[in-house]
Amino acid sequence: MSALYQCWLNLPLVLQMVIKGLAVIGFMFPFGGACSLIERKVSAWMQGRHGPNRAIPFWIAWVPIFGPLLQRLGVFHLMADGGKMFFKEDPIPGHVNKFYFILAPIVAMIPALTTVSVVPFGAYVDAAGQLVPLILADVDVGLLAVFAVSSLGVYALILAGWASNSKYPFLGGVRASAQLISYELSMTLSILPVFLWVNAPGGSGTLSLFAVVQAQSGPWHGWSGLWFIFTMPVAALIFLVSLFAETNRLPFDMAEGEADLVGGFHTEYGSLKWGLFFVAEYSHMLIGSGVFVLLFLGGWNPLPWLPLATFAGWLGLAGNPLVVGALSIVIFLSKVLFFVFLFMWVRWTVPRFRYDQVMKLGWQKLLPLAIGNLIVYALVIAWVQVKN
Amino acid sequence: MANLLFYFFASLALVSAVLVVVSKNPVNAALGLLLSLVGVAGLFVLLNAALLAFVLLLVYAGAVVALFLFIIMLLDTRPEQQKPFQRMTLIAATLGGALLVVGVLSLNQRAVLTVGGAPGTGPTLKHYAEQLFTTYLLPVQLVGFLLLIAMLGVIVLSKKSDQAEEGS
Amino acid sequence: MAYVVERKPLTLAERLYLPQIFAGLRITLKHLFAPNVTLQYPEERPVIPPGYRGVPTLVRDPQGREKCVSCQLCEFVCPPKAIRITPGAVPADQPDRLHIEKAPQAFEIDMLRCIYCGLCQEVCPEEAIFLQNQYSLSGYTRAEMVNDKARLYELGGTLPDQHYKWDKKKIAAEHGNTH
């Protein structure tokens with residue numbers, strides 16, 4: 001194992017980066033597809049339907065119990081959809097601005113694939129007993145990087161809407177840009193208390209997501225592993241609502257509201273370009289859920305008040321970094337998957353807001369709430385610091 | 001490697017900055033500005049100033065240019081018609097260019113420029129915070145007030161008073 | 001008469017909207033685990049209720065004889081004019097039906113026009129045409145979608161008959177039509 005690791009370190013830096021990048025692409029695309037399948041299945045079950053359950057390659061149909069089960073779960077529809085997306089005709093309408101029209105889905109992929117690299121998705125205990133994060137690029141300003149790069153995602157919607165040169169995509173693009181910018185404010189403000197909490201005076205000062213998880217696993221007033229959702233429920237709520245708005249998910253999917261805008265910004269798109277938009281949307285959902293889990297739900301700690309290290313100790317895995325790492329990834333991903341499910345659950349429960357309601361909620365409700373929340377927590381944290 | 005990246009980001013920033021000025025389609029200009037900002041952010045990252053880079057991206061690329069585009073699209077501006085130079089424009093451009101040249105020259109002559117730091121020793125969040133809240137507290141506050149005044153000014157200017165509405 | 005509905009002011013819980021969302025989430029979660037109601041169509045077939053108006057068909061009486069007497073009432077009543085009947089004499093090879101005046105030589109129902117209204121069934125004095133359980137009809141050409149007489153009898157089959165009208169008429173005729 002360590003020989004393999006040495007081999008990895010000996011690779012040229014460029015090659016390492018290329019491999020990491022390919023790994024991200026190789027993970028994000030199937031995962032985005034899987035999310036679309038989950039979406040179809042969850043929506044079907046919530047509506048009393050079966051959902052996709054027909055496609056099956058004949059050689060798997062011969063496998064007795066396993067084959068029909070996979071068919072019932074619709075797993076092969078995923079591949080059929082993917083294949084269809086790649087091979088169907090890719091029309092470019094005559095009235096569009098061709099350059100930007102083709103550029104938009106590519107721009108959509110940039111934040112979707114870039115932000116993964118600064119989100120830690122697991123941790124293991126190394127030989128020295130230190131918790132080491134599993135992350136592609138461990139930067140000090142982790143969360144800011146996520147916000148900065150994902151804020152570029154709005155350009156995909158604006159460009160798509162504008163380049164399509166037709167009224168519904170245009171309206172979708174305009175709505176998307178206004179909405180994303182509005183909710184970015186309350187989103188950023190809502191997580192400031194978390195970092196005030198993490199960066200107690202005397203600390204090194206960091207915006208790294210790993211440090212936030214560490215703060216949630218470490219001791220605090222006799223409690224070990226207190227998740228921030230218990231200490232800052234309002235911040236978590238504001239962040240979650242803004243997350244829904246930022247990822248353009250119902251009840252905030254103004255940019256593509258089918259009822260009033262046909263398909264919104266992607267009305268004129270088809271085939272692979274349309275698919276890229278959707279992979280991007282699902283990646284945003286995944287990253288957003290991941291950030292929420294890291295900030296408020298203890299990251300890879302299995303349960304509140306039960307840090308990963310303790311848990312691994314109970315299972316007798318303390319000296320086994322590989323297994324602990326895998327365990328942490330499984331815990332983290334299952335939390336993220338729950339959030340992906342929550343996104344869909346809410347989508348099939350809550351009706352779409354009207355556009356003025358979205359704006360009112362963002363500017364008149366969430367923003368003052370976030371500012372008030374910040375002030376209250378700043379005072380409380382200062383008081384706690386003074387008392388200690 | 002780092003040199004190559006420097007040339008890449010620097011040329012990206014410069015070429016797209018030129019694009020901002022010369023392109024006739026306002027959307028192209030706004031996107032050129034975006035690209036230029038991305039290039040500058042890349043340069044900041046190369047200087048180990050990741051925080052600065054991401055703040056630049058978050059504020060300017062993520063919000064300000066998006067608002068520019070938003071306004072451009074809302075106003076539905078046609079590509080700018082070629083206007084003959086006015087004398088005022090010429091004077092302003094000459095003055096601005098001269099100031100820039102003087103600035104660059106004086107920097108070159110007087111200032112002591114240390115290039116980069118050792119890898120991995122860029123200023124951390126804490127350094128920025130300490131500087132902003134101690135040494136540069138007054139300028140930060142002043143800039144904040146300036147922005148606030150500008151904002152209030154926009155609100156006052158764009159909102160017609162009741163009397164004006166009655167009169168019209 | 002128009003009247004104003006008093007709208008109650010929203011309570012705090014309603015204005016917060018979150019309790020409403022949680023109630024909704026509870027309902028959708030319940031449905032997530034509830035059994036599905038979808039019929040897996042080609043494998044599972046729906047139960048056809050009695051009185052269903054499916055494809056119109058011609059039926060025979062229990063003795064296997066053609067009931068239609070080619071009166072053309074159904075042709076006249078058919079709103080989309082889907083029925084076309086060519087009346088003819090009763091074929092000579094059916095000696096027990098010779099007292100009947102006419103029989104359809106050709107009987108066509110154009111299923112591309114039929115609107116399944118059931119007026120033909122209502123109007124038929126001989127109870128010879130019935131809209132039965134057949135609900136799925138498809139074909140590759142327009143011609144295939146026109147049911148001719150043979151096909152109509154094939155689809156219709158034999159239905160039980162309470163009256164045996166023609167038997168009674170025959171017996172009456174044999175007794176000199178005295179009532």
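How many residues of chain B are in contact with chain A, and how many of chain A with chain B? I looked this up first. The model is a predicted one. In it, 26 residues of chain B are in contact with 27 residues of chain A.

**Entry: the A–B interface**

I asked for the area next. The size of an interface is often given as the accessible area lost when the parts come together. Chain B and chain A bury about 2300 Å² between them. Carbon and sulfur atoms hold 80% of that area. F54(B), L58(B) and M73(B) give 28% of the area that chain B buries against chain A, more than any other three residues.

The crossing is left-handed. On the α7(A) side I noted L144(A), A145(A), F147(A), A148(A), V149(A) and S151(A). On the α3(B) side I noted L51(B), F54(B), V55(B), L57(B), L58(B) and G62(B). I sorted the residues of this contact: 10 are nonpolar, two are polar and none is charged.

**Entry: a lysine in chain C**

Is K67(C) buried or exposed? I found K67(C) in the loop between β1 (56-58) and α3 (73-77) of chain C. Its relative accessible area is 6%, which is under 20%, so K67(C) counts as buried. Its side chain reaches the backbone oxygen of E127(C) at 3.2 Å. Leaving out residues up to four places away in sequence, I listed what K67(C) touches, including D61(C), E126(C), Y153(C), D161(C) and W166(C).

Terms used. Residues numbered from 1 in each chain as written. Chains lettered and ligands numbered in written order. Predicted model: local features only at pLDDT ≥ 70, side-chain atom pairs only at ≥ 80, totals over all residues. Heavy atoms only, no water. Left-handed = near helix turned anticlockwise from the far one by under 90°. Helix = DSSP H or I, 4+ residues; strand = E, 2+ residues; numbered from the N terminus. Contact = heavy atoms within 4.5 Å. Nonpolar A, V, L, I, M, F, W, Y, C, P; charged D, E, K, R; others polar. Buried < 20%, exposed > 50% of the residue type's maximum accessible area, 1.4 Å probe, protein only. Polar contact = N/O pair within 3.5 Å; in protein donor to acceptor, adjacent residues only side chain to side chain. Buried area = accessible area lost by both parts, 1.4 Å probe.
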